[in-house]
Amino acid sequence: MSCSSNKNQYYTEEEAVEALIRSHISFTRPAVSYYRCDECVQYHLTSRGEEHSLLSKPEIVKRIKSEQQAQDWSGRFKRK
Ligand SMILES: [Zn+2]
């Protein structure tokens, strides 16, 4: 089903959660949460509003940090 928001659509909450976490791994200004769209009845990420409580869970924070480090080591972001 198409949606006028033109955002990526996620069929399940699990997919939306995964995309939200990936956004934090990959982007400097990541999405903060996800929501169920009234128009397409699927999930979208959003960069507005309050940060989802999921993102302060220790295991999620840990995962984001370790995956970011993995990206650094691959040489994609050269620092120093
Ligand atoms: Zn939508």
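This section describes the fold, the helix packing, the nonpolar core and several individual residues of a predicted model.

The protein contains two helices and two strands, and, read from the N terminus, these elements follow the order α-β-β-α. Along the principal axes, the C-alpha atoms fill a box of roughly 45 × 25 × 20 Å. The chain has 80 residues, of which 11% count as buried. Among the contacts with a sequence separation of 6 or more, 46% come from residues 24 or more positions apart.

Two packed helices are described by the angle between their axes and the distance between the axes. Here, helix 1 spans residues 13-26 and helix 2 spans residues 58-73; their axes come within 9 Å and cross at roughly 45°. Helix 1 and helix 2 are therefore oblique to each other, and their crossing is right-handed. On the helix 1 side, the contact is made by I21, H24 and I25, which meet I60, R63, I64, E67 and Q68 of helix 2. Sorted by class, this contact between helix 1 and helix 2 comprises four nonpolar, two polar and two charged residues.

Beyond its neighbours within four places in sequence, H24 is in contact with P30, L55 and I64. The C-alpha atoms of H24 and S47 are 11 Å apart in space, with the two residues 23 apart in sequence.

Attention now turns to the nonpolar core. In soluble globular proteins, nonpolar side chains tend to be buried together. In this model, the largest nonpolar core has six residues, namely Y10, A16, L20, A31, Y34 and Y43. Y43 touches Y10, E13, A16, Y34, Y35 and R36, when residues up to four places away in sequence are not counted. Another core member, A31, is found in the loop between helix 1 and strand 1, the latter covering residues 33-36. A31 counts as buried because it has 23 C-beta neighbours inside 10 Å. Setting aside its neighbours within four places in sequence, A31 is in contact with L20, S23, L45, T46 and S47. A31 and G49 are 18 residues apart in sequence, and their C-alpha atoms are 9.7 Å apart in space.

H44 is located in strand 2 and counts as buried, with 21 C-beta neighbours inside 10 Å. Not counting residues up to four places away in sequence, H44 touches S5, K7, N8 and Q9, together with Y34, Y35 and C37. A C-alpha separation of 9.6 Å is found between H44 and N6, which are 38 residues apart along the chain.

N6 itself raises a point of backbone geometry. Most residues other than glycine have a negative phi, and most peptide bonds are trans. N6, which is not a glycine, has a positive phi of about 60°. N6 is placed in the segment before helix 1 and is exposed, as 8 other C-beta atoms lie within 10 Å. V41 likewise has a positive phi of about 60° although it is not a glycine. V41 is found in the loop between strand 1 and strand 2, with strand 2 covering residues 43-46. With 11 other C-beta atoms within 10 Å, V41 is exposed.

The segment before helix 1 also holds C3. Residues up to four places away in sequence aside, C3 touches Q9, C37, E39 and C40. C3 and S26 are 23 residues apart in sequence, and 25 Å separates their C-alpha atoms in space.

How values were computed
Residues numbered from 1 in each chain as written. Predicted model: local features only at pLDDT ≥ 70, side-chain atom pairs only at ≥ 80, totals over all residues. Axes fitted to C-alpha atoms, helices over the stretch in contact; angles between N-to-C directions. Helix = DSSP H or I, 4+ residues; strand = E, 2+ residues; numbered from the N terminus. Parallel < 35°, antiparallel > 145°, perpendicular 65-115°, else oblique. Left-handed = near helix turned anticlockwise from the far one by under 90°. Contact = placed C-beta atoms within 7 Å. Nonpolar A, V, L, I, M, F, W, Y, C, P; charged D, E, K, R; others polar. Core = buried A, V, L, I, M, F, W, Y, C linked by C-beta atoms within 7 Å. Buried ≥ 20, exposed ≤ 12 C-beta atoms within 10 Å, placed from the backbone.
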